[in-house]
Amino acid sequence: MRKLLLLLTGFLLLASCGESYEETKRISRQNRLRLAREDSAALKIAVLPTLECLPLYVAKELMLFDTAVVDVRLKPFTAQMDGDTALIGQTAEGAVTDLVRMERLVLKKGAKIHYVALTDGCWQLVTNRNARIRQLKHLDDKMVAMTRYSVTDMLTDKVVDSAKVKSEFVFRIQVNDVNVRLQMLQNNMMDALWLPEPQATIARMAKNPVLADSRQMKMNFGVIAFNQKKMRSFERKQQLEAFVKGYDAACDSINKYGIGRYRQLIAKFCKVSPEVVDSLPQKLTFNHARGPMQKDIERVNAWLKK
């Protein structure tokens, strides 16, 4: 009788464990479906570890986006090309990117792109201090790290033309990840490379010379772009309006208090030390959301068609 009771008890325990396991699986599956639905409904923006994304980080951290209207989710990437892929694919509605990349997608792939904002993104051509490149003409027979069909590709053309160096004698090395690009400079694997902020500041702090700056061209290349096909519904349009309000409020806050107020935030999202943040240009202003000028789009298209 005792053995029978033990067997019966064991059977009941196994049965209850089985039910518990099945119940756990069911609840887990329900949670995954719920999270997937929430992510699908959210407004997802591909961002980079760069200073031009600061208004987005500030708006998210200070809860400046109206959460009753829009759930903004920042999707981090270290290569702009990956963020662009997310924009065209299924994982993001918007992206912090550049005008050259976007216009190429329009021309070559027929993408429908809506420009919401110009960013304050800039790129500097930094040279390896050990390469002894002091003038643009010294880029002859040197390697330059950049990304094909992007602002850094167009900028390379501009500086090569201005130095009257034969383009085929400047070796363009495609390195899409901005952190890898910086590491290649630090490890003496590259002669010159284009860097945004704050990575350019890290390079300057190590006494690497700067030969060119995108701001010298008097046009904005950085943009926040949205996939127009994904933004057609009434709900998405409402989300976009709420996004712009939050973005503008973040710009106002940065302009009022300065980037020093957000020292820890920059260090956190850009993966740099607070000392690097302290060495950034302090008098930076961030503009409200507005699209690029038509003349700048035409300049980019002229380069792409050439």
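At what angle do the axes of helix 3 (residues 80-88) and helix 4 cross, and within what distance do they come? The axes of these two helices come within 11 Å and cross at roughly 40°, where axes are lines fitted to C-alpha atoms, for helices over the stretch in contact, and angles run from 0 to 180 degrees between N-to-C directions. Helices (H or I, at least four residues) and strands (E, at least two) are DSSP runs, numbered from the N terminus. This is a predicted model, in which local features need pLDDT of at least 70 and side-chain atom pairs count only at pLDDT 80 or more, while totals for chains, interfaces and linings use all residues. Residues are numbered from 1 along each chain as its sequence is written, and side-chain values use heavy atoms, with hydrogens and water left out.

**Helix packing**

- Helix 3 and helix 4 are therefore oblique to each other, given that angles under 35 degrees count as roughly parallel, over 145 as roughly antiparallel, 65 to 115 as roughly perpendicular and the rest as oblique.
- Helix 3 passes helix 4 in a right-handed crossing, a crossing being right-handed if the near helix is turned clockwise from the far one by less than a right angle, and left-handed if anticlockwise.
- Gln80, Met81, Asp84, Leu87 and Ile88 of helix 3 meet Arg101, Met102 and Leu105 of helix 4, contact meaning heavy atoms within 4.5 Å.
- By class, this contact of helix 3 with helix 4 has five nonpolar, one polar and two charged residues; Ala, Val, Leu, Ile, Met, Phe, Trp, Tyr, Cys and Pro count as nonpolar, Asp, Glu, Lys and Arg as charged, and the others, Gly among them, as polar.
- Helix 4 (residues 99-109) also packs with helix 11 (residues 294-305), at an angle of about 65° and with the axes 10 Å apart, which makes helix 4 roughly perpendicular to helix 11.
- The crossing of helix 4 and helix 11 is right-handed, and on the helix 4 side Leu99, Val100, Glu103, Arg104 and Leu107 meet Asp296, Ile297, Val300, Asn301, Trp303, Leu304 and Lys305 of helix 11.
- The residues of the contact of helix 4 with helix 11 divide into seven nonpolar, one polar and four charged.
- Helix 5 and helix 11 pack at an angle of about 80°, with their axes 11 Å apart, and are therefore roughly perpendicular to each other.
- Asp153, Met154 and Asp157 in helix 5 meet Arg299, Val300 and Trp303 in helix 11, a contact with three nonpolar, no polar and three charged residues.

**Cavity**

- The count comes to one cavity of 30 Å³ or more, where, on a 1 Å grid over the protein atoms alone, a cavity is a set of points where a 1.4 Å probe fits but cannot get out, a pocket is an open set with protein on both sides within 12 Å along at least five of seven lines, and lining residues have an atom within 4 Å of a point.
- The largest cavity has a volume of about 200 Å³, with grid points joined across faces, edges and corners and a volume being the space filled by probe spheres set on the points.
- Of the 17 residues lining the largest cavity, Leu48, Gln80, Trp123, Asn176 and Arg181 are the closest to its centre, and helix 5 (151-163) and helix 6 (178-186) are the elements that give two or more residues to the lining.
- The lining of the largest cavity has six nonpolar, seven polar and four charged residues.

**Pockets**

- The largest pocket, with a volume of about 350 Å³, is lined by 21 residues, of which Asp120, Gly121, Cys122, Arg215 and Leu284 lie nearest its centre.
- The second largest pocket has a volume of about 190 Å³, and its lining residues include Val47, Leu48, Pro49, Tyr57 and Phe269.

**Backbone**

- The peptide bond from Glu197 to Pro198 is cis, with omega near 10°, and Pro198 is found in the loop between strand 8 (192-195) and helix 7 (199-205).
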